[in-house]
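User: I'd like to learn how to read strands and salt bridges in a model. Can you walk me through it?

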Amino acid sequence: MMQIKSGWLCGIRQVPVSHFGARAKPLDISLIVIHSISLPPQHFGGHHVDALFTGALDPNAHPFFKDIAHLELSSHLFINREGLITQYVSFLDRAFHAGRSEYKGRKECNEYSIGIELEGSDYCAYTISQYESLDEVLNSLYQAYPRTRGAVAGHNEIAPLRKTDPGAYFAWGRYR
């Protein structure tokens with residue numbers, strides 16, 4: 001099991017970002033939100049996710065980037081197609097991953113959730129390496145933040161009118 005110290009997973013790639021905020025209640029972590037991301041859409045690999053979350057995405061590098069380069073977005077974790085885990089924001093802080101959202105009648109999920117981005121899309125399966133890394137991360141999170149056990153939702157579930165990720169190919173049977 002991976003250790004978590006001061007809100008950071010030990011032994012993984014860490015790229016701290018400035019796109020985050022303080023949680024009103026840092027220990028009120030009670031939800032894990034699964035997302036998917038690929039930049040540009042349907043393209044995997046490269047540095048664009050890091051660039052987006054660090055505020056360094058070049059709006060001229062791809063036509064899609066013009067609409068998103070200015071956004072202040074982040075996630076706690078990103079798991080690429082090979083299973084490599086990157087952490088951008090301490091779990092004790094609020095990442096900007098959920099937007100306007102609600103889970104079981106409780107609004108503003110960023111305040112009490114951990115966001116995990118999987119490199120992928122609504123239109124393809126995730127890799128075994130991603131699921132293995134996600135399993136390890138979730139077990140560590142359940143240990144450190146027990147209220148998250150059994151509280152894993154897709155972005156589509158907390159913002160159903162806006163979002164569709166992680167998509168139909170995500171293996172929910174592993175986690176529910």
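Analyst: Helices (H or I, at least four residues) and strands (E, at least two) are DSSP runs, numbered from the N terminus. This is a predicted model, where local features need pLDDT of at least 70, side-chain atom pairs count only at pLDDT 80 or more, and totals for chains, interfaces and linings use all residues. Residues are numbered from 1 along each chain as its sequence is written, and side-chain values use heavy atoms, with hydrogens and water left out.

User: How many residues of strand E11 are buried?

Analyst: Seven of the seven residues in E11 (residues 113-119) are buried.

User: And how do I read the two faces of a strand?

Analyst: In a regular strand, side chains alternate between the two faces of the sheet. In E11, one side carries Ser113, Gly115, Glu117 and Glu119, the other has Ile114, Ile116 and Leu118, and all of them are buried.

User: Which strand pairs with E11 over seven bridges?

Analyst: Two strands count as paired if DSSP finds at least two bridges between them. E5 pairs with E11 in the parallel sense over seven bridges, and Leu31 has Ser113 of E11 as its bridge partner. Strand E6 (residues 77-79) is also parallel to E11, over three bridges, with Phe78 standing opposite Glu117.

User: Now salt bridges. How many does a search of the whole structure find?

Analyst: The general idea is that side chains of opposite charge can pair when their charged atoms come close. The cut-off here is a side-chain nitrogen of Lys or Arg within 4 Å of a carboxyl oxygen of Asp or Glu. The search of the whole structure finds eight. One of them joins Arg106 and Asp28, at 2.3 Å from N to O. These two residues are 78 apart: Arg106 is in strand E10 (residues 106-107), while Asp28 is in the loop between strand E4 (20-22) and strand E5 (31-37).

User: Is Asp28 buried or exposed?

Analyst: Asp28 is buried, at 12% relative accessible area, while Arg106 is partly exposed, at 33%.

Key: Buried < 20%, exposed > 50% of the residue type's maximum accessible area, 1.4 Å probe, protein only.
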